[in-house]
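Thanks, everyone. Let's look at today's structure together, and then I'll walk you through one part of it.

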Amino acid sequence: MKTFNRNFVSQIVCLSRCLLFVLVLSLFLPCLAQQVTVPAPSEDAKFHSILGYVVYFWNFFFSSCILLAFLFFGLSAKLRDFFERVTKRKWLQCLLFLLAFVVCLHIAYLPQSYIMRFVVPHYFKLSDQSFVSWISDYTKSLFLSIEGFIEGYALLFLLIRKYERRWPIFICAYQISLVAFNLFLYPTYVAPLYNRYTAMPECVLRDKIERLAQKAQFSLDIPIMVQDASKQTKTINARVEGFGPSTRIVIWDNAINNLPEDETVAILAHEMGHYRLHHIYWNFLLTVLTSVAIVPINMIFAKRFAQMLPPKWGIRDLGDWAITPAFILVSSLFSFISTPVDNFYSRSIENQADLYALKITNNGPAFANAMIHMGGIGLDDPNVNPFVEFWLFDHPSIGKRVELANQYTLEHPMGSGDNGSGDKGRENP
Ligand SMILES: [Zn+2]
């Protein structure tokens with residue numbers, strides 16, 4: 001009797017264990033099935049990625065060499081002296097110097113701009129833009145860049161000469177208002193120079209986005225525009241741009257044409273995250289704080305910096321426009337050193353937008369697949385060296401973004417419920 005009881009009890013325990021195992025398995029199997037694996041990068045993706053990293057450091061090295069050459073061989077001073085002989089008007093000397101200098105810089109950069117922006121994307125079949133179309137875009141950027149450069153530096157020298165001590169305050173105010181102004185005007189006046197933007201028509205995708213916004217308890221009061229980026233590239237992207245009333249979400253036509261709908265929804269949800277979490281304003285605030293922090297540095301060190309420059313460079317004082325290459329060199333050095341800090345901040349806000357997208361779509365697999373498709377088409381290596389990611393990446397690597405989506409799916413076992421399609425699923429946060 002005792003033996004029978006023992007056998008019976010052990011069979012019950014065994015059966016319970018089996019049931020528990022099946023229960024646990026049934027809970028986790030759907031999540032495990034939804035885990036997305038990052039494919040190994042192609043040889044092209046590895047090569048393309050490494051080329052991108054090398055070019056970043058090469059650009060810094062090359063531009064530093066050009067600027068140092070201008071100073072070291074006294075070219076900057078010679079250019080200033082030349083225009084002093086051309087005209088007696090100081091303001092005209094300044095404008096002509098700046099124009100000649102910036103044109104020289106662009107001529108020096110032209111071969112590598114052509115290689116990196118035209119030859120390389122065509123070599124990797126990332127673009128089928130014609131040369132005529134490319135040179136037209138390049139020329140527009142060139143004019144905008146030259147105009148901005150001359151305007152900024154001419155004002156700088158005017159202020160330095162007029163307000164010997166207070167010029168950093170005025171320059172700070174100018175920088176802040178310029179950034180706000182450019183952000184505000186970019187969608188209306190600059191972006192249409194290169195592409196056509198059309199409002200996303202009433203369609204299933206648009207319905208899904210609006211339903212997502214409703215679920216996240218906000219009304220989508222900014223336009224969603226489609227950019228015909230396919231005329232320049234085959235890669236996929238989206239962004240939030242503008243400032244205040246000009247804010248809008250932009251998605252490239254390549255995404256709509258090449259990705260499954262739920263993946264495009266995931267990408268747009270990421271952009272909605274940027275908008276809802278006010279990242280444009282946080283970025284602007286950071287610009288304001290950086291500009292303000294530089295004011296005392298300029299007040300204390302700028303004059304001494306000009307006095308410390310070697311006499312053989314021929315720079316007279318801080319208000320001498322021949323100092324321009326030294327200004328650019330210092331700001332480019334500052335920007336190079338601060339790149340990891342900037343990118344750390346950028347990756348953290350991208351991570352917030354990723355999490356926002358995962359929460360409102362509740363579709364980890366779609367998000368992960370969107371990242372894999374974006375990276376695959378753009379020939380990005382999904383798993384990058386930690387140092388490269390730390391220094392160069394303003395977004396988390398594809399591998400990390402997929403990992404985040406997989407983790408989200410594991411932690412939210414009800415899985416890929418409502419992605420805005422109206423299917424049943426988890427409630428939004
Ligand atoms: Zn983003």
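This is a predicted model: local features need pLDDT of at least 70, side-chain atom pairs count only at pLDDT 80 or more; totals for chains, interfaces and linings use all residues.

The protein chain has 14 helices and 4 strands. It runs to 429 residues, and 26% of them count as buried. Now contacts with a separation of 6 or more. Of these, 76% are between residues 24 or more positions apart.

On to helix H2, residues 43-72.

Next, its partner: helix H11, residues 324-361. The axes of H2 and H11 come within 9 Å and cross at roughly 155 degrees. An angle over 145 counts as roughly antiparallel, so that is how H2 runs relative to H11. The crossing is left-handed.

Which residues of H2 and H11 meet? On the H2 side, they include Phe60, Leu67, Phe70 and Leu71. On the H11 side, they include Pro325, Ile328, Leu329 and Phe336. By class, this contact has 10 nonpolar residues, 3 polar and no charged.

Which residues of H2 are buried? They are Ala45, His48, Ser49, Leu67, Phe70 and Leu71. The cover over these buried residues includes H11 and also helix H3, residues 75-86.

Last stop: what follows H2? Glycine 74 does, with a positive phi near 70 degrees.

That's my tour. Over to you.

Technical notes
Residues are numbered from 1 along each chain as its sequence is written. Helices (H or I, at least four residues) and strands (E, at least two) are DSSP runs, numbered from the N terminus. A residue is buried if 20 or more other C-beta atoms lie within 10 Å of its own, exposed if 12 or fewer, and partly exposed in between; C-beta atoms are placed from the backbone. Two residues are in contact if their C-beta atoms, placed from the backbone, lie within 7 Å. Axes are lines fitted to C-alpha atoms, for helices over the stretch in contact, and angles run from 0 to 180 degrees between N-to-C directions. Angles under 35 degrees count as roughly parallel, over 145 as roughly antiparallel, 65 to 115 as roughly perpendicular and the rest as oblique. A crossing is left-handed if the near helix is turned anticlockwise from the far one by less than a right angle, and right-handed if clockwise. Ala, Val, Leu, Ile, Met, Phe, Trp, Tyr, Cys and Pro count as nonpolar, Asp, Glu, Lys and Arg as charged, and the others, Gly among them, as polar.
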